[in-house]
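Hi there,

Here is the structure I promised to pass on. My notes on what turned up follow below it.

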Amino acid sequence: MSIDDRLKNMLKLPLFDKLREEQCSIFSKLIPISGDSKEKRLGLSNADVQMLIDRVTIIIHGAASVKFNDSLKSAIFTNTRATRDICILAQSMKKLKTLLYVSTAFTSPHRPVLGDKVYPLIADWQKMIDVAESLDEHTLNIFTAKCLECIPNTYVFSKNLSEHVIETYSSSLPCAIVRPSMVFSSIEEPLPGWVDNIYGPIGFYVAVAKGVLRVAFTTSSANVDIVPVDIVIKTILVTCWKVGSTTHTPNSNFVVNSTCQKHLTCKCVRTMFAIEFREVPFKNSIFPLRFVETNNWILCYTLMMLLHMLPALIVDTILKRFGRQPFLVRLQRNVFVATQAVGWFGCNEWEFSDTNHLALLSSIPPNDRENFSFNYVDYDFKKYCRNCIIGGKKFLLNEDMNKIDELKVNVKRMDFIFDVMKHIVAVSVLWMTFNWFKWFIYHML
């Protein structure tokens, strides 16, 4: 598809229904530009570069590869070198008011308390870009473990380097960094429960709802730091306004942590979602909603083999017998890789500073607070969970909301069958154990 067609399709999403009703003509202001953040100079044409230099006043740099298992070369090119090239381009923009970089709250995950500042370098970002450009993929992969050290994956590593790119260029540019934690469905704007991807925690809850994920490498008592996407967007917009309306001081880099405003543990989130999943079940669930959390990797691996791979092998064998295409083993392998990637975050917790967050919140003019306030500490978490599930069904999986009652009956039927099978297996194991014990006693005597 051409970029114009892609933009047209994007604007047809329910996400823009409210805007379409209120300000339909505003879409004519959008100018799509072809580029590639993996390429040098962002893959932009000379004509587009000149247009940007002449017209841009605000840059929100949110382009990134969010794959935790991306190669080091790819992560550095997409996340770090692209940030440098954005900054180089921004230096030519005479009208520039704000350059805002969308980072992640976990750029220094080895620190239990994370303030709203850029911490000392893990590695020299300029040298890392040079290394990524000069070494081939295979050679660079050999050095990946050494490069990462206390960092869990290439995504976090490259985002950490990118923050230091912004810090370096803040001497000549009006820069800001917004650090969202795990971004989740919208809480209110432009509609409750909006979601359009399965990255991070969203993929996690969809997999649980479908019965694909039944074991997770997490700690029940650990805090879960999720933040609604519209809260992040409002934080970004207000930060742009704040930096843009303030006289630029060299080397002043405004950092805002956009993190959870409630104390939520893994157990609390799991329990609430489990309740709501039974009220708003997903279509075509493979297994009943059963979920086990453990921070013991050996136990987690064992349970995955028993509860994920073994049933997947049985189902795929049955599908082959009936001439159907097997898929479950392949799917469970992907689930296993994803669980390994995010497990580190599920077994650790952090405390985030909210000093700049509160200062920014208080700076919003009273007549703008209704539209731009990102304070949601008093929200109803149960209602939010319900909206997240409904949003996932409607916008992500395109499921019919009129068949909820039918799906509830299916859930009860599946639970009954599962409980019967569980008791049959338990009785069979006890019977075999009893017979083995009887045989052992007989031969011993």
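The largest nonpolar core has 49 residues, and Phe-184, Tyr-205, Phe-273, Phe-277 and Phe-381 have the most contacts inside it. By nonpolar core I mean buried Ala, Val, Leu, Ile, Met, Phe, Trp, Tyr and Cys residues joined through side-chain atoms within 4.5 Å; buried is under 20% relative accessible area, with a 1.4 Å probe and protein chains only. Beyond its neighbours within four places in sequence, Phe-381 is in contact (heavy atoms within 4.5 Å) with Ile-226, Leu-264, Val-269 and Met-272. A second, separate core of 46 residues includes Ile-76, Val-156, Val-255 and Phe-352.

This is a predicted model: local features need pLDDT of at least 70 and side-chain atom pairs 80 or more, while totals for chains, interfaces and linings use all residues. Residues are numbered from 1 along each chain as its sequence is written, and side-chain values use heavy atoms, without hydrogens and water.

There is also an open sheet of 4 parallel strands, in the order E1-E2-E4-E8; strands pair if DSSP finds at least two bridges between them. E2 and E4 are joined by 4 bridges, and Tyr-101 has Ile-177 in E4 as its bridge partner.

The disulfide count is 0, a disulfide being two cysteine sulfur atoms within 2.5 Å. The sulfur of Cys-175 lies 5.7 Å from its closest cysteine sulfur, in Cys-87, which is too far for a bond.

Best wishes

Notes: Buried means under 20% relative accessible area, exposed over 50%, partly exposed in between (1.4 Å probe, protein chains only). Helices (H or I, at least four residues) and strands (E, at least two) are DSSP runs, numbered from the N terminus.
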